[in-house]
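Visitor: I would like to learn how to read a structure at the level of rings and strands. Could you walk me through one?

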Amino acid sequence: MGFAEISKERQKKLSDFCKKIGIQFKNLSLLDLAFHHRSFCNENAEFLHKNNERLEFLGDSVLGMATTSFLFEDMKENPEGDLAKIKAAVVSEETLAPIAKKIGVSSLLVLGKGEELSGGREKKAILADAVEAIIGALYLDGGWKIAREFVLSLIVPEIRAVQENRAHKDYKTLLQEWYQKKQKAIPEYRLVGKSGPEHNKTFSVVVRLGEIEFGPERGKSKKEAEQKVARIAFDELTKVP
């Protein structure tokens with residue numbers, strides 16, 4: 001699929017995505033392909049084999065190499081085993097899927113009808129694979145240096161979380177501890193919406209720190225929503241420049 005074949009509306013969405021996460025593409029069709037799941041191609045004969053799996057394969061290697069080289073330089077005094085453990089933790093579906101949600105991958109996915117109906121936009125594997133495909137597309141479009149910078153912008157905060165043993169901690173607690181040290185105050189959480197039937201409600205929550213507000217983030221309970229918005233706030237406020 002060439003650039004000219006992408007609708008203007010789709011081009012704008014892809015361009016907005018690039019601006020949001022600070023990347024540029026000379027060839028938007030490469031980025032567009034990174035969001036095409038095989039389920040769509042299987043249901044549309046004219047798109048047969050035009051899915052993101054090859055880009056994902058490439059992106060996985062770029063992701064691994066960028067992460068490995070960073071750890072090698074960052075942890076000069078540590079044995080290979082320490083580096084391997086951290087790499088395994090951050091180059092994983094459990095890490096990449098939340099990153100995908102944070103940068104807005106879900107809304108750009110192109111899925112088949114069946115996958116759409118089964119909740120494909122929220123499936124960890126599909127989200128994580130799309131992140132790797134984006135990395136692969138960026139490598140082809142802009143080269144190693146640009147792709148590496150993008151990978152590190154996503155992965156370094158996750159590496160720091162593991163290094164500081166906070167990867168599996170309570171993000172509400174982490175945010176409160178950080179904010180109390182900075183401002184001698186505590187974050188304020190506010191429920192801004194509820195939707196769905198009584199037995200399957202979704203809660204939307206924002207968190208305010210002084211004049212800055214993050215969210216809303218959604219969850220199946222207030223607690224889950226608060227944890228999600230706390231993570232977004234914490235990651236944003238403590239990210240590596």
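Guide: We will look at ring pairs and then at a sheet. Please keep in mind that this is a predicted model.

Visitor: How many aromatic pairs does the structure hold?

Guide: There are 2 aromatic pairs. To read one, check the angle between the ring planes: over 60 degrees counts as edge-to-face. Phenylalanine 17 and phenylalanine 35 have ring centres 5.4 Å apart and planes at 85 degrees, so this pair is edge-to-face. Phenylalanine 17 belongs to helix α1 and phenylalanine 35 to the loop between α2 and α3, so the pair ties together parts 18 residues apart in sequence.

Visitor: Are phenylalanine 17 and phenylalanine 35 buried or exposed?

Guide: Both phenylalanine 17 and phenylalanine 35 are buried. In the other pair, tyrosine 171 and phenylalanine 234, the planes are at 75 degrees and the centres 5.9 Å apart, so that pair is edge-to-face too. It links distant parts of the chain, with tyrosine 171 in helix α10 and phenylalanine 234 in helix α11, 63 residues apart. Buried means under 20% relative accessible area, so tyrosine 171 qualifies at 7%, and phenylalanine 234 at 5%.

Visitor: And how do I read the sheet?

Guide: Strands of a sheet pair through backbone hydrogen bonds, either parallel or antiparallel. Here an open sheet of 3 strands has the order β1-β2-β3, with antiparallel pairing.

Visitor: Which strands stand at the edges?

Guide: Those are β1 and β3; each has a single partner strand, so one side of each lacks a neighbour in the sheet. Between β2 and β3 there are 6 bridges. Helix α11 lies across β1, β2 and β3, at about 140 degrees to β3.

Technical notes
Residues are numbered from 1 along each chain as its sequence is written. This is a predicted model: local features need pLDDT of at least 70, side-chain atom pairs count only at pLDDT 80 or more; totals for chains, interfaces and linings use all residues. Side-chain values use heavy atoms; hydrogens and water are left out. Rings of Phe, Tyr and Trp (its six-membered ring) pair if their centres lie within 6.5 Å; planes under 30 degrees apart count as stacked, over 60 as edge-to-face and the rest as tilted. Helices (H or I, at least four residues) and strands (E, at least two) are DSSP runs, numbered from the N terminus. Buried means under 20% relative accessible area, exposed over 50%, partly exposed in between (1.4 Å probe, protein chains only). Two strands pair if DSSP finds at least two bridges between them. Contact means heavy atoms within 4.5 Å. Axes are lines fitted to C-alpha atoms, for helices over the stretch in contact, and angles run from 0 to 180 degrees between N-to-C directions.
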